[in-house]
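I opened this notebook to keep track of what I looked up in a structure that was new to me. The entries go from the whole chain to single residues.

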Amino acid sequence: MTQPPAGGDTGTSGDPNPQPPPPTGGVPPGPAPAAGPQAYPSDTPPRKRPAVLIASLVLAAAVLLCGGGGTAAFLALRDSEDGQGAKEPQVAVDGFLKAVYQERDPGKAATFVCSASRDDEKIATKVAEVQKYVTQYQNPRFRWPTPTVDNQTGDRATVSARVTMTTADEKVAEQALRFTVVRKTGWWVCEVG
């Protein structure tokens, strides 16, 4: 009987640490792929999660409804009138005329305009136009009689006013204006024609 050579060699080669041959199927060495889904032990049924799914759907719907409701409330209230408005339609028109023609203050004029028609740029343009008259003419003064309500139906009124400009050198100019005024929290100028 022959004994194996010393050093633990099995006789296949002279290498003391033999390596296995490389794989021939083109698959890299590594752990074997899983055999498929694990089966549940026969004594425990699979866990069902419909309660978790339903709770998640209800929570998502609540978040969407609250977020949508909050957005709708913001959009509805952003155009609400700031302040009280005037007590009468002609008072709203008179305040607007004073702010534009005498005080030449676009910010104050805007406080008499309804939110749907409030355009700061247009108001500032009108005030700039009046300011231009002030620089072109000698000491112009603007006056008007108390505005007249021509027609009023419910929460809408038509008000007219005649603005007169007189100068120190006795020049006179008149402009007839017609206002549409609406009542919300008070009376507001919404259109000037």
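**Entry 1, ground rules.** I noted that this is a predicted model, in which local features need pLDDT of at least 70 and side-chain atom pairs count only at pLDDT 80 or more, while totals for chains, interfaces and linings use all residues. Residues are numbered from 1 along each chain as its sequence is written, and side-chain values use heavy atoms, with hydrogens and water left out.

I looked up the secondary structure and found four helices and five strands, where helices (H or I, at least four residues) and strands (E, at least two) are DSSP runs numbered from the N terminus. Along the sequence the pattern reads α-α-α-α-β-β-β-β-β. Of the 193 residues, 23% count as buried, a term that means under 20% relative accessible area, with exposed meaning over 50% and partly exposed in between (1.4 Å probe, protein chains only).

I then turned to strands β2 (residues 148-153) and β3 (residues 156-166), which run antiparallel and are joined by five bridges; strands pair if DSSP finds at least two bridges between them. The two form a hairpin with two residues between them, and Gly 154 in the turn has a positive phi of about 60 degrees. Asn 151 stands opposite Thr 158 in β3.

Which of the two classes, buried or exposed, does Thr 153 belong to? Thr 153, which lies in strand β2, counts as exposed because its relative accessibility is 51%. Its C-alpha atom is separated by 9.8 Å from that of Val 182, 29 residues apart along the chain. Thr 166, in strand β3, is buried, with a relative accessible area of 14%. Leaving aside neighbours within four places in sequence, I listed the contacts of Thr 166 (heavy atoms within 4.5 Å), and they include Asn 139, Arg 143 and Val 172.

The elements giving two or more residues to the lining are α2 (89-102), α4 (120-136), β4 (172-183) and β5 (187-192).
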